[in-house]
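Here is a short briefing for a first look. Start with the sequence and the fold.

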Amino acid sequence: YGLGLVLFELLTGKHLADTQGGPRAAFLGALHEPVAVAAVASGTSPFMNALVRVLLESDHRKRPESADAVARVLRDGEASAWWAERLREAEAHDRPHTAAGPLFGRDDELAHLDGLLEDRGRRACVVVGDAGMGKSHLISTWLERVRGRARAPAVLRIEPDDDVPEAGELEQLAGADGLIVVVDDLHEGTERWRASVLRAVQATAPSPILHVAVSRPPLPPSFASAWNRIPDVEVRELGSLDADASFALVQSVAGTTIAGASGVRELVRRADGNPFFLIELARELVRRSDEGGRLSDPHMPIPETLDALIDARLAALTTEQHDLLAAAACTGEVFDPDVVTAGAEIPRIAGLRMLSALDREHQLIEPVGSHYRFRQKLVQEKLHDDLPPALRAAYHGAIGQVLEGQVDGGACPPDLACEIAGHHLRGDDPRRALPYVRDGGFPLIEVCSFPKHLDCHNLNDVEAAASAMTR
């Protein structure tokens with residue numbers, strides 16, 4: 001823990017206590033929740049961020065076992081076995097439900113798979129879904145149902161880069177009752193391996209063999225092009241759980257008392273219907289709630305498991321892409337690309353090209369009309385929260401000024417006034433919010449809600465703004 005404090009100060013230039021608020025003596029009297037180095041020092045690598053976070057764990061059992069172990073990790077860096085294991089754990093989060101457990105909100109998908117098996121006119125289906133959507137859990141649950149039939153087909157599971165049997169071998173395995181070939185994690189295999197999967201699908205008749213593959217989006221272009229030319233195949237997207245299924249899943253994890261608490265609605269909103277996100281947030285809710293389901297802190301942080309998963313996805317971005325996406329995170333879940341590029345001082349065409357790559361190549365955002373939307377709220381939340389306070393305030397202030405340019409004389413429309421005021425209250429000059437509070441014509445203290453990120457030197461200005469808004 002002491003080494004974690006030293007590394008934190010070396011990397012950030014600040015003692016950890018200075019990021020907590022309150023007197024340092026009070027801080028030194030107890031261990032605290034880990035703080036992300038990247039939240040204070042931009043540009044910190046995911047490797048160093050993760051290592052310091054583990055060193056600062058309040059539970060000593062979660063820290064490395066010795067100073068020698070830490071030295072080995074630091075010496076080997078991103079080539080260390082420790083970091084490789086962290087990345088494997090993050091990747092493994094794509095299959096959180098392989099252990100026995102109920103499946104929520106997937107009745108339509110199960111019925112569709114049953115229909116494919118009965119149809120005998122379809123030869124293959126690819127189930128596509130983001131990490132944590134429960135693709136493997138869906139297939140495993142369906143196979144259990146199929147095995148319960150009187151005359152169940154045989155099942156063959158193929159992992160990435162396993163040898164794919166030729167058509168003759170598959171037909172022998174099928175026998176009289178048929179065969180289901182399950183191809184796991186299509187996105188992780190090599191081009192050559194995926195080509196062999198395509199050949200097997202093309203060479204086998206729809207009956208009695210059914211191929212079912214699972215993959216993260218997007219499908220590799222060469223595979224998708226060849227797949228679409230094969231008759232009697234399809235791609236099925238695995239969407240988010242609806243609100244009822246999300247609440248049922250949270251209740252199965254947290255119990256009925258905690259699942260009925262006020263914090264659950266916000267938890268469901270943050271998870272975007274992603275089953276794995278719901279489970280991990282529900283577990284965090286249990287850890288932070290009393291017996292009556294009341295949260296000790298209304299701002300529940302992102303659990304470490306999800307934090308590592310998001311870090312692994314963001315590690316694939318260039319510095320320029322990461323910076324642009326962080327600026328976009330300051331505008332909310334849905335953002336105007338012109339406002340973001342202007343606020344981040346990035347040339348418009350260059351910024352639009354980067355946003356297109358973030359959509360098509362990285363699947364982090366998606367177009368919504370002329371705007372973009374973060375596919376996962378927790379990604380937007382983490383990008384925003386990990387910004388250094390000064391840079392975060394500068395982004396908000398700059399975006400507020402860009403939006404002010406949309407005011408066409410006279411009174412500002414209430415919705416725009418609320419948006420401008422919200423950014424300036426989070427920005428480096430909160431007093432700029434006051435004219436737009438008046439134009440809004442309603443108490444923005446409830447509509448905007450003050451954020452958890454406020455620099456100390458801004459606090460008096462914000463309190464003055466709040467007083468003016470209350471009056």
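S6 and strand S8 (residues 371-374) pair in the antiparallel sense over two bridges. Two strands count as paired if DSSP finds at least two bridges between them. This is a predicted model: local features need pLDDT of at least 70, side-chain atom pairs count only at pLDDT 80 or more, and totals for chains, interfaces and linings use all residues. Residues are numbered from 1 along each chain as its sequence is written, and side-chain values use heavy atoms, leaving out hydrogens and water.

**The sheet**
- Three strands make an open, antiparallel sheet in the order S6-S8-S7.
- S6 and strand S7 (365-368) are the edge strands, each pairing on one side only.
- Val-334 has Arg-373 in S8 as its bridge partner.
- Strands (E, at least two residues) and helices (H or I, at least four) are DSSP runs, numbered from the N terminus.

**Thr-331**
- Thr-331 sits in the loop between helix H15 (319-329) and strand S6 (334-335).
- Thr-331 is buried, at 19% relative accessible area.
- Buried means under 20%, exposed over 50%, and partly exposed in between (1.4 Å probe, protein chains only).
- Not counting residues up to four places away in sequence, Thr-331 touches Val-340, Ile-399 and His-423; contact means heavy atoms within 4.5 Å.
- Thr-331 and His-423 are 92 residues apart in sequence, yet 8.0 Å apart in space, C-alpha to C-alpha.

**Cysteines**
- Cys-330 is buried at 4% relative accessibility.
- Cys-412 is buried too, at 3%.
- The structure holds zero disulfides, a disulfide being a pair of cysteine sulfur atoms within 2.5 Å.
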